[in-house]
Amino acid sequence: MPSSRERLIDAAFALFDERGFEETTVDDVAERAGVGRTTFFRAFKSKEDVIFPDHAVVLGAIRDRLASATDATAPVAVTEAARLVLLHYLGEGDRARIRYRLTRSVPTLQAREVASQRQYQQAFRTFVHEWLGGTAETELRAELMANAVVTAHNHVLRRWLRGQIGTAAAQSEFHEAMAEVLRLYGSAAGGTGGHETAVVVLRTSRPLDEVLPALREAVGGGAEG
């Protein structure tokens, strides 16, 4: 059985979509969810909070993924961290589309969405700045790359939200968009040793241990060490 928090989220999104955000009260949401007003405020501080119930969790997942990266795996970490956000929205389905419509029409929700995106962007900017060397000279490039990561993600996500592409196409377009971001802004990263970094996007159903030897040979990795 869904938790009271999940029931509140489902009720809120349904009512906001049916009646409008401003026209729906906290009492309406609690009644639809079959709980009391007190239960609502134990789970959420306001109606706005219900629209972005998982923001802190997704932001934490982004930071955790970036924190696990090394200089060698940084490009992959950036892509995978951004992909976590995309997969979250794709997994929400209709809920994400309702949020999209609401944030287009309700100024307070739009402002909340912008603030959330800035937190995502800051996480990427901080990581990329350290990856590039953490100097004053790398601040602008880190800012540009963080902006590009969020912009590329949002471009693909909005196409999906508008029904212009399906879920599979969204994931494919996302990988292409991130490859372009890394081509534009990631080429100067990790350049302390004078080595070039190859960024490879690979789709395969074969086990990874079967693919890696051929991949290393293809990109000129040679023997380890």
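Mentor: Let us begin with burial: a residue counts as buried when its relative accessible area is under 20%, as exposed when it is over 50%, and as partly exposed in between. Please keep in mind that the model is predicted.

Trainee: Is Arg 95 buried or exposed?

Mentor: Arg 95 has a relative accessible area of 16%, so it is buried.

Trainee: With which residue does Arg 95 form a salt bridge, the closest N and O atoms being 2.6 Å apart?

Mentor: In general, side chains of opposite charge can pair when their charged atoms come close. Here the partner of Arg 95 is Asp 10. This pair links distant parts of the chain, since Asp 10 lies in helix 1 and Arg 95 in helix 7, 85 residues apart. Asp 10 is partly exposed, at 42% relative accessibility. The structure holds 13 salt bridges.

Trainee: How many residues apart are Glu 180 and Arg 183 in helix 10?

Mentor: An α-helix has 3.6 residues a turn, so residues three or four places apart point the same way. Glu 180 and Arg 183 are three residues apart in helix 10, and therefore about one helical turn separates them. They form a salt bridge with a closest N to O distance of 2.7 Å. Glu 180 is partly exposed at 35%, whereas Arg 183 is exposed at 52%.

Trainee: Which side chain makes a polar contact with that of Glu 92?

Mentor: The side chain of Arg 99 does, at 2.7 Å. Glu 92 belongs to helix 6, and its relative accessible area of 14% makes it buried.

Definitions and conventions: Residues are numbered from 1 along each chain as its sequence is written. This is a predicted model: local features need pLDDT of at least 70, side-chain atom pairs count only at pLDDT 80 or more; totals for chains, interfaces and linings use all residues. Side-chain values use heavy atoms; hydrogens and water are left out. Helices (H or I, at least four residues) and strands (E, at least two) are DSSP runs, numbered from the N terminus. Buried means under 20% relative accessible area, exposed over 50%, partly exposed in between (1.4 Å probe, protein chains only). A polar contact is a pair of N or O atoms within 3.5 Å; within protein, one must be able to donate a hydrogen and the other to accept it, and residues adjacent in sequence count only if both atoms are side-chain atoms. A salt bridge is a side-chain nitrogen of Lys or Arg within 4 Å of a carboxyl oxygen of Asp or Glu.
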